[in-house]
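Subject: Handover of a structure

Dear colleague,

Please find the structure below.

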Amino acid sequence: MQDVNITIVCDNNPYKKGLETGWGFSCLVGGREKTILFDTGPGGSLLVNMEKLAIEPQSIDTVVLSHVHPDHTGGLEGFLEKNPDVTVYLPKSLPERFKDNVQAQGAKVIGVGQPMEICGNVWSTGQHGKWIKEQALIIRTGRGLIVMTGCAHPGIVKMVNAAKDLVKEDRLLVMGGFHLEWAGKNKIEKIILAFNQLGVRYAGPCHCTGEKARSMFEECFDMKYIKLGAGKVITIADLR
Ligand SMILES: [Zn+2]
Ligand SMILES: [Zn+2]
């Protein structure tokens, strides 16, 4: 299996100098059959940061949107102006108007309800959640699974469990927005404990995880913390 590489294109946490850090999230998954853009950040920042990171919009053939919020979908329209020749996987509960607009720009739309394979060794968890429907991405590596979330509105542990139920392999890395910005210490501790019980080896909390939760993950000895922010690249070498 080819090694995977992940580039954080947009995040409100800074990492590489000179990149825009508006509120939102987007990252690029390379090293699989398809080159996947997971979320598109807030409008504007995506293309600016892609250019600064020397990522060609034409190199991407698949877009996965975690959920409808504009800090994850805002960059899509501008991206499709550069490259409409993509398939966009989005939660099927998204407004029809949203889907129509994506199709009108020339992209193919796939509404995701149940879990599905996106390409070899990459899956969507399917849409979860009562109010805000959200899908997470599962990437299989030779060393275990990477679970990637946008905001994890349905609950980060729920999303990791969904990944575990779908692909029965070890959980190597959980990364993305964990939605703990306003969570209390007790709740965060419970989540860290659940991660340990789920055998998560690396945690890369960013976007809407919040500083308090990020530092609690960093201080936890049972799993390794990966500091994420705009411009950070994760390769399998970071996960040894
Ligand atoms: Zn968000
Ligand atoms: Zn959100």
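The notes below cover the metal sites and then the helix packing.

This is a predicted model, in which local features need pLDDT of at least 70 and side-chain atom pairs count only at pLDDT 80 or more, while totals for chains, interfaces and linings use all residues. Residues are numbered from 1 along each chain as its sequence is written, chains are lettered from A and ligands numbered from 1 in the order in which they are written, and side-chain values use heavy atoms, without hydrogens and water.

Metal sites

Donors are N, O and S atoms within 2.8 Å of the metal (3.2 Å for Na, K and Ca); water is not among the atoms, so sites may look incomplete. Four donors count as tetrahedral if all angles lie between 85 and 135 degrees; four count as square planar and six as octahedral if opposite donors are over 155 degrees apart and all others between 65 and 115; anything else is irregular.

The zinc ion (ligand 2) is held by H67 (NE2), H69 (ND1), C151 (SG) and H153 (NE2) as protein donors, 2.1 to 2.7 Å away. Its site is also irregular, with angles of 92 to 171° among the four donor atoms. C151 bridges the two zinc ions, ligand 2 and ligand 1, which lie 3.6 Å apart.

Helix packing

Helices (H or I, at least four residues) are DSSP runs, numbered from the N terminus. Axes are lines fitted to C-alpha atoms over the stretch in contact, and angles run from 0 to 180 degrees between N-to-C directions.

The axes of helix 5 and helix 6 come within 10 Å and cross at roughly 15°. These two helices are therefore roughly parallel, a term for angles under 35 degrees; over 145 is roughly antiparallel, 65 to 115 roughly perpendicular and the rest oblique. I156, V157 and V160 in helix 5 meet I191, A194 and F195 in helix 6, where contact means heavy atoms within 4.5 Å.

Helix 6 (residues 185-197) packs against helix 7 (residues 211-219) at an angle of about 40°, with the axes 10 Å apart. Helix 6 and helix 7 are therefore oblique to each other.

Yours sincerely
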